[in-house]
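Subject: Structure handover, with notes

Hi,

Here is the structure I promised you. Please have it open while you read, as my notes follow below.

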Amino acid sequence: MGTDDRATGTAGHRPPADGGRPREVGGEAAEDTEEALAIRSRVTLRINGRAHSLTVDHRATLLDVLREDLDLTGAKKGCDHGQCGACTVLVDGRRANSCLLPAVAQDDREIVTVEGLAGSEGDPDALHPLQRAFLDRDAFQCGYCTPGQLCSAIGMLAEAEAGHPSAATPPQELCTHPNGPAALGRDEIRERLSGNLCRCGAYPHIVSAVEDVIR
Ligand code: FES
Ligand code: FES
């Protein structure tokens, strides 16, 4: 039986048929004329280890370029206002709401979407440990928020490792925990993932899945 693509966040995603070689997108549709470049610019977006050279409208968000131009539909559009976290991706290792990021400003940045998580730990066929934990813990229902939850949790774990404070752990307590800069109990995980909403209310299982990967 195949893996549940609600947990991997890759429902509807087609793997590239060309084996991942750099892509030119939008070249013919948007010629680099002076007039066109007044509102559009050539950029290189580095997504999941692959460079995409394309022309983007200065008003386009990273989320829309991912979904509409690059066929990477894992990141979801929930609110389109930075409120729900469904569109979360990693930019240079930091989590970010892609609905708030101008695509033109992401030139040469390293972007990871949910499609890039599987295989990222060395084995190209293996799910990311957090994706596996989401499956094991049944940490989703409809799965719409799941790609954002996964990317956000991975970014959050790196932040905690680096000692970033949160409302649940005052800065003065960060270095006093025996197991790291920020001990990730359930309250701490909830607080640090509070920017990612789940309309299905799968929160208890999401927290358990995150706990599984930090044990
Ligand atoms: S769609 Fe980006 S935060 Fe909701
Ligand atoms: S699993 Fe449905 S919104 Fe979270």
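The chain has seven helices and six strands, where helices (H or I, at least four residues) and strands (E, at least two) are DSSP runs, numbered from the N terminus. Their order along the sequence is α-β-α-β-β-α-β-β-β-α-α-α-α.

Please keep in mind that this is a predicted model, in which local features need pLDDT of at least 70 and side-chain atom pairs count only at pLDDT 80 or more, while totals for chains, interfaces and linings use all residues. Residues are numbered from 1 along each chain as its sequence is written, and chains are lettered from A and ligands numbered from 1 in the order in which they are written.

On confidence: pLDDT is the predictor's confidence in each residue, from 0 to 100. Its mean over the chain is 86, with 78% of residues at 70 or more. Residues 11-20 stay under 50, and the model gives them ten contacts beyond four places in sequence. A contact here means two residues whose C-beta atoms, placed from the backbone, lie within 7 Å.

Of the chain's 215 residues, 39% are buried. A residue is buried if 20 or more other C-beta atoms lie within 10 Å of its own, exposed if 12 or fewer, and partly exposed in between, again with C-beta atoms placed from the backbone. Among contacts between residues at least 6 apart in sequence, 60% join residues at least 24 apart.

Now to helix α5. Twelve of its 16 residues are buried, among them L150, C151 and I154. The helix reaches 22 Å from first C-alpha to last, close to the 22 Å expected; the expected span is 1.5 Å times one less than the number of residues. Just after α5, G163 takes a positive phi of about 85°.

A153 sits in α5 and counts as buried because it has 26 C-beta neighbours inside 10 Å. Leaving aside residues up to four places away in sequence, A153 touches L130, L193 and V210. A153 and I206 are 53 residues apart in sequence, yet 9.4 Å apart in space, C-alpha to C-alpha.

Finally, helix α7 (residues 203-214): its end C-alpha atoms are 17 Å apart, which agrees with the 16 Å that its twelve residues should span. The buried residues of α7 are I206, V207, A209 and V210. Seen down the helix axis, they fall within an arc of 160°, so they line one face of α7; the arc is taken from the directions from the axis to the C-beta atoms. These buried residues pack against α4 (129-137), α5 (146-161) and α6 (186-192).

Best wishes
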